[in-house]
2 protein chains.
Amino acid sequence: MKAIIIIGDGMADRQLKELNYLTPLEAAEPKNMNRIASLGTSGLLYAISPGIAPESDVATLAILGQDPYKVYTGRGGFEAIGAGIELRNEDIAFRCDFATVNEDFVIVDEKAGRIREDATELATQIQDLKLKSATDIEVIFKQTLGFKGVLVLRGENLSTNVSACKPKLNTRVNSIKPLDCSPEAKRTADILNEFIRVSHSILKDHPINRERRFRGQPPANVLIPWGGGRKPSLSPLHKKYGLRGACVAAVSLIKGICKLSGMDIISVSGATGEVDTDTTAKANAALKAIKDHDLVLIHVEGPDEASHDGDLAGKILIIKKIDTMIGTILENIDLEETCIALLADHATSLKLKKHTADPTPITITSPDIVRDGVTHYSERAAYKGGLGNIYGKHVMPILLNLMGKPVEFGV
Amino acid sequence: MKAIIIIGDGMADRQLKELNYLTPLEAAEPKNMNRIASLGTSGLLYAISPGIAPESDVATLAILGQDPYKVYTGRGGFEAIGAGIELRNEDIAFRCDFATVNEDFVIVDEKAGRIREDATELATQIQDLKLKSATDIEVIFKQTLGFKGVLVLRGENLSTNVSACKPKLNTRVNSIKPLDCSPEAKRTADILNEFIRVSHSILKDHPINRERRFRGQPPANVLIPWGGGRKPSLSPLHKKYGLRGACVAAVSLIKGICKLSGMDIISVSGATGEVDTDTTAKANAALKAIKDHDLVLIHVEGPDEASHDGDLAGKILIIKKIDTMIGTILENIDLEETCIALLADHATSLKLKKHTADPTPITITSPDIVRDGVTHYSERAAYKGGLGNIYGKHVMPILLNLMGKPVEFGV
C-alpha cells in the first residue's frame with residue numbers, strides 16, 4: 001500500500017455572503033474531490049489544535065508527524081533548505097521578500113505587485129553584498145518564486161531573536177529591533193536594517209523598476225527579511241516510519257520541510273506557487289513519483305495566495321485546477337493499492353485575508369476503510385464525517401494504519 | 001445505578017469485499033446490540049489514540065481507567081496473575097504457548113492446531129522442571145486455555161529485557177537474545193532458550209503428540225514464552241471510583257488486569273476464549289454478578305481469535321453469539337438502574353489477520369442519556385453517533401457520570 005497526501009494550502013474558508021453563504025470549496029463544486037470523499041471517510045482537521053491559526057510550516061510539520069513544538073526553530077531555516085542552500089549550524093536564515101516602500105520605508109505593497117520574472121533579474125543585483133555593520137558576515141540572498149526569496153547570514157555571533165516580522169502594509173521596515181539584551185541580537189538587528197537600506201539603494205532606481213513604474217506597476221524597491229530561524233533537525237520518514245517519501249511542491253518552505261524529512265524533492269517546471277501554477281505538471285510529477293516512493297506529498301500554494309489577496313475568483317479557479325489535477329491522479333493510480341489524504345493545512349479567510357483557526361475538511365480513502373456516506377469535500381460536508389475531529393499529528397498514524405503498518409502498543 | 005461493560009475483543013473490522021463492502025458487525029445484523037445503540041448514544045473509540053493499534057492488555061487497562069503508559073510492565077505479569085499465580089516482586093512472567101516446530105525449531109503452527117484438551121494433559125509433563133542454566137531459579141508453568149499458558153521464573157537476577165516475541169509463523173524460537181548488556185538479560189535469555197529446548201525434548205515424542213500426528217493434527221511439541229513482564233501495580237476500582245467490580249472473562253490476560261484492578265473474578269465453566277465459548281453461561285454469570293457488584297465487565301475473546309485466523313464465518317458466528325448473550329442480559333436486568341457500555345477494545349482485520357488502529361464502535365446507554373438516533377451498532381453507524389470520538393480513558397469517567405458519580409472539578 002502506498003499513500004498520497006494532497007494539501008491545498010489555505011483552501012478551507014468561511015461561508016461568504018457573495019457566494020450565497022457557500023464556501024469557496026462548495027462553490028467550486030470540485031467533482032474529483034467529492035469523489036474522494038465518496039470513496040473514503042471525512043472529518044475535520046485541526047493541524048495543531050482548536051483555536052490555533054497555524055502558518056503552513058508548523059501545520060505541515062504536524063501533518064508529517066513532526067512535533068512543531070519541539071522541532072520548529074523558525075521559518076527561515078526551512079525556507080533556506082528548500083531553496084537549496086546548504087545551511088550550516090551557525091547560520092541564521094530568513095524568508096526575504098521583494099516589496100514596495102515609500103521614501104519613509106513604509107510598505108505600500110507587500111509583494112511588489114506580485115512581481116514575477118522581473119524579480120529574477122533584480123535578484124542578480126543583490127549578490128556578494130558587503131555590509132559595513134558586518135564585515136565578518138557572509139550575506140547570501142536567493143530569490144525563489146516571484147517576490148519570495150531567502151536571506152542567509154553566515155558567520156558567528158548572530159541571533160534570530162530580532163523583530164523581523166512578516167511584511168505588513170503601512171508599517172516601517174528598516175526598524176528591526178533586538179528582542180533581548182544580547183550583543184548578538186543587537187548586531188543582527190543592525191545587519192538586517194542595513195541590508196534593507198542597501199537593498200533599497202540598489203533597487204530603487206534600477207532600470208527594471210523604472211520600467212515598472214512606467215507601466216504602472218509597483219517597483220520592487222526593497223528586500224524585507226522576516227521569520228528568522230536556524231537549521232532545523234527532523235527525524236526522516238524512512239527512519240521513523242520506514243517510508244520512502246517524495247514531495248511535489250513549488251514553495252521553498254514546503255520543499256525544505258520535506259527535504260529535512262528525508263523526502264525526495266521533485267522539481268516541477270511551471271509550478272509557480274500561485275493561481276497560475278501548472279497543476280497538470282504537478283499531477284504528472286506525482287504519478288511518476290508514486291511509482292518508486294511509498295508516500296507522495298503534493299502541495300499547492302495557490303489557494304492561500306488568492307485568499308491573502310482577497311481574490312475570490314482566483315481562489316475558486318485554483319480549487320477547480322486542483323480538482324482537475326486530482327482527476328488526473330485518480331485516473332492513473334490503482335485505488336486498491338493507494339490511500340489518499342486530501343486536506344487543507346489551514347483555512348485562509350478571503351474576507352480577513354489571513355489564516356484562521358477554523359478546522360479544515362480532510363478526507364481519507366483506502367480500499368478497506370469503512371465509508372461514511374459523505375459525498376462532498378467541503379467544510380460543511382466534513383461536519384458529518386466519520387473521522388470526527390482529528391489533529392495534524394494523527395494524519396500519518398492514520399495513513400500508516402491504513403497502509404497496514406500501524407504503530408503497535410502492548411505485546 | 002450499576003454498569004455493565006461488554007467487550008467484544010477485536011470485534012470491529014473493515015469493510016470486506018466478500019460481504020459486499022459491509023463489515024462483519026454489519027453482516028451479522030446483531031439485533032440486541034442494535035437495540036443497545038437505539039437506547040443509547042454511540043461513538044468511535046480509540047482505546048489509546050488515533051493511529052495506535054493496541055494489544056488487548058493496554059486497551060483494557062485504558063478502558064478501566066488505568067494509564068497504560070504508566071502501569072504497563074509487559075503482558076506476562078497480567079497473564080500470570082490472571083492464571084492464579086501469586087506473583088512475587090522479583091518474579092518475571094511470560095505468556096507461554098504450545099506450538100508446533102520442525103526439527104530446526106522453526107514454527108510451523110503457532111497454536112499447535114488450536115490444541116484443546118490435549119494441552120491440559122501435556123502440561124502435566126512440564127512440572128517441576130529443573131534447568132541446568134538456572135539451578136537457583138524456580139520454573140513455574142501453567143496451562144490456562146487451549147494452547148495458552150503462563151511461565152513464571154522465580155528467583156533473583158532476572159530480566160524481562162530479552163527478545164521473547166509473540167510466536168510468528170516461519171520464525172525460529174530457541175534464539176531469544178538479551179536486549180541489553182546486563183548479565184541478568186543474558187542469563188534470562190539462556191534460561192528461556194533452555195526451557196524451549198527442554199519442553200521440546202519432553203513433548204516431541206509424548207504419546208499424545210504421537211496420537212495427534214496419527215490423527216493428522218499438528219503436535220504440540222514446544223512451549224514458547226513471550227511478552228515478559230513483572231508484577232504490575234494498579235489502583236483498585238473501589239479505591240479509585242468507589243465501585244465494587246466483577247469480571248466475567250475466559251482469558252488470563254483480562255482476568256489478571258481485572259484482578260489487579262480489585263475486581264472479583266467470576267469463573268465460568270464453558271468459557272473457552274474461542275468461537276465455541278459458552279456465551280449463555282457468561283450471560284448468566286454476569287447477571288448473577290451484577291446483583292452484588294456495581295460494575296461487571298464481560299469480555300469475549302472469540303472475535304479476535306477468529307480474526308487472527310482469517311475465519312470470516314467464525315467471526316460472524318461469535319458476533320451473533322455475543323448478540324444472543326446480550327439479549328439474555330437485556331431481558332433480565334432493569335435498564336432503569338443499569339448503564340451499559342458495548343465496545344470492541346480494538347479492531348482486528350480479518351484481511352490482515354492482525355490488530356489495526358481503526359477506531360471501534362462504542363455505544364453507551366443509561367436511562368437518562370440523550371439518545372442520538374443511531375439505531376445500529378457498527379463501525380459505520382457509530383460515525384453518526386453523539387459521542388463523537390472518545391478515547392479508552394474516557395470510558396470510566398463517562399460511565400461514572402451516568403451512574404451519578406461524576407468526577408468533580410472546582411469547589
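Modeller: We shall take the contact between the chains and then the relation of the copies. Please bear in mind that this is a predicted model.

Colleague: How many residues does the contact take from chain A and from chain B?

Modeller: The size of an interface is often expressed as the accessible area lost when the parts come together. Here we may count residues: 21 residues come from chain A and 28 residues from chain B.

Colleague: Which elements of chain A supply at least two residues each to the side that touches chain B?

Modeller: They are strand E15 (388–391), helix H15 (392–402) and strand E16 (407–409) of chain A. H15(A) gives the largest share of that side, 5 residues. By class, the side of chain A that touches chain B has 10 nonpolar, 7 polar and 4 charged residues.

Colleague: Which strand of chain B is joined to E16(A) by bridges?

Modeller: It is strand E3 (residues 52–54) of chain B; the two run parallel and are joined by 3 bridges. Within E3(B), Ala53(B) is the bridge partner of Glu408(A).

Colleague: What rotation superposes chain A on chain B?

Modeller: In general, a rotation about an axis and a shift along it relate two copies of a chain. Chain A is superposed on chain B by a rotation of 123 degrees with 0.1 Å of shift along the axis, at an RMSD of 0.2 Å. That is the relation of a three-fold axis.

Colleague: Which residue of chain A comes closest to the rotation axis?

Modeller: Gly388(A) does, with its C-alpha at 3.5 Å. The copies use different surfaces, as 10% of the contact residues of chain A recur in chain B.

Methods:
Residues numbered from 1 in each chain as written. Chains lettered and ligands numbered in written order. Predicted model: local features only at pLDDT ≥ 70, side-chain atom pairs only at ≥ 80, totals over all residues. Contact = placed C-beta atoms within 7 Å. Helix = DSSP H or I, 4+ residues; strand = E, 2+ residues; numbered from the N terminus. Nonpolar A, V, L, I, M, F, W, Y, C, P; charged D, E, K, R; others polar. Pairing = 2+ DSSP bridges. Least-squares fit on C-alpha atoms with pLDDT ≥ 70 in both.
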